[in-house]
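Trainee: I would like a close look at one part of this model, the aromatic cluster. Please take me through it ring by ring.

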Amino acid sequence: MKILLIEDEDRGARQALELFERAAPSSSVQIATSRDDALDAMDGEGFDLIVCDLRIPPSNSSADVDERHGLAVHAAARDSCPGTPIVFLTAFATKRNTRTQLSSGGTKQIYGLKDYPMVQLVEKGDMDEFEDLVSTLAQALKTVESSSELLAGDASDEMFLRAVKTYAHQINMSNAVIHTIAGGLSGAPLGRVELSSPQGGKANIFMKVVAFQDAVNERTNFEEFVPNRLQTGFFAPALSPITAGLRGQAALLSSLADGCVSLFHLLTQNPAVAAEAVKALKEATRPWIHASEPALMSLADLRRRRITDEKLAEALTFSGRALVCNESRTVEMKTSVCHGDLHGENILVTAEGRPILIDFGDLGLNVAPLDPVTLELSIIFHKAGPARSTDWFANAKWESWADLDIFVEGSPFELFIRECRAWSMEQDCANAVFASAYAHAMRQFKYPDVDKGITQAIAQSAYAAMSTSAPL
Ligand SMILES: Nc1ncnc2c1ncn2[C@@H]1O[C@H](COP(=O)(O)OP(=O)(O)OP(=O)(O)O)[C@@H](O)[C@H]1O
Ligand SMILES: [Mg+2]
């Protein structure tokens, strides 16, 4: 176990170390001797258990030993170490309101222990209680880690492996095999996990370990907009995430979309079927559209939602700066629920051609054309975009992006591009579509692997088309 001990007195630290040696042998213990020391330690890495003396000084050079500083650690730990159990060592005289404040940590399932209180108070004199507590936790972690055989392949992330074992333990499986997936751009450890046991048969899931708050956001977005609006079969259902015991991270689990290929892959194999899948996705996501009053937005507002002024300034070419000067122009934009990151790797397609949405970290209300515009341009802008390796790409007329007939000439993905563009135009009026494309193209200045000339030409084309479109 990896423990953070926050204790300013040598004697107290020595006692705690002896206790850890008995209750959680071979743990690694980091010692912080003040509030600031503790905040630094928590900022840097994750722990399995935090033990904090409530009466500590604010800094290593201060003699102002006070419970206030322990309370500050409590507040910080909730933010920077979510899902990590904390034990506060309190004095007999600790006031009731301080105790109440500290015991508001709620309970979670951790290492198979159900309803485990995440913040606990132990009186400094009661070392037996403290030892019991540490030993229960250490034993539970050991049980989880030894309850299944793991074939990890090339998966090596410690918390990913622990999350797999935690899930195996949760569903009573004794074997787990991890098949890593050439992952997404986020770099999160992820994979397909095959679980089995002689009694329980087999189970398959997809698992991804991400920062705690990212997991909470993705899960919340999913709950708010996906299973209650879309038909089953068009999204990968999420399972309960693992939110404790992963050193400040959390594991997202979902049903495995097995036997599928990504839309990008399908485009290289059968572009016509891929275009049909886009059409099916447009139909499937209709429940995300709702009648809303269009809002007037400037191009600058729209673009800032996709890339900040600072980021853009770093990357913009000299000629690109002229574009930004035009950003005061306003457009009426409709709002819709959007996936928010609809590139071709976030759409899996079944052998029957049914699209399945995954990866809901950016899902939410947004400008209505965002998804189809992102999808269309992803074959060009995304690292795995299949257009990048075609002859068409080498000679494409980027400056005519808005003029569909000219732009798709000679493209192996003509059907796909036309389908996406038709979808965009159904989402909102032409001006709104071009404005969205402008903002999305400008966002690409963030990414060093995207050709700045292409980005600029598409942004320019979208802007010019907007200027000449019929007024609303
Ligand atoms: N439920 C699932 N079933 C099968 N494969 C999946 C599932 N979820 C994700 N995958 C695969 O894992 C890959 C990465 O997953 P995901 O898109 O959630 O990660 P990410 O790192 O957030 O990606 P991004 O680059 O979009 O940010 C997907 O592109 C897909 O190939
Ligand atoms: Mg993804």
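Are Phe 393 and Trp 398 buried or exposed?

Mentor: Phe 393 and Trp 398 are both buried, that is, under 20% relative accessible area with a 1.4 Å probe and protein chains only, where exposed would be over 50% and partly exposed in between. The model is predicted, so local features need pLDDT of at least 70 and side-chain atom pairs pLDDT 80 or more, while totals for chains, interfaces and linings use all residues. Residues are numbered from 1 along each chain as written, chains are lettered from A and ligands numbered from 1 in written order, and side-chain values use heavy atoms, without hydrogens and water.

The whole structure holds 9 aromatic pairs (Phe, Tyr or Trp rings, the six-membered one for Trp, with centres within 6.5 Å; planes under 30 degrees apart are stacked, over 60 edge-to-face, the rest tilted). One of them joins Trp 392 and Phe 407 edge-to-face, at 5.4 Å centre to centre and 70° between the planes. Trp 392 belongs to helix H14 (residues 391-395) and Phe 407 to helix H15 (residues 404-408), so this pair ties together parts 15 residues apart in sequence; helices here are DSSP runs (H or I) of at least four residues, numbered from the N terminus. Trp 392 is buried at a relative accessible area of 7%, and Phe 407 is buried at 1%.

Phe 393 and Trp 398 also pair edge-to-face, with 5.2 Å between centres and 70° between planes. Ring pairs link Trp 392, Phe 393, Trp 398 and Phe 407 into a cluster.

Key: Helix = DSSP H or I, 4+ residues; strand = E, 2+ residues; numbered from the N terminus.
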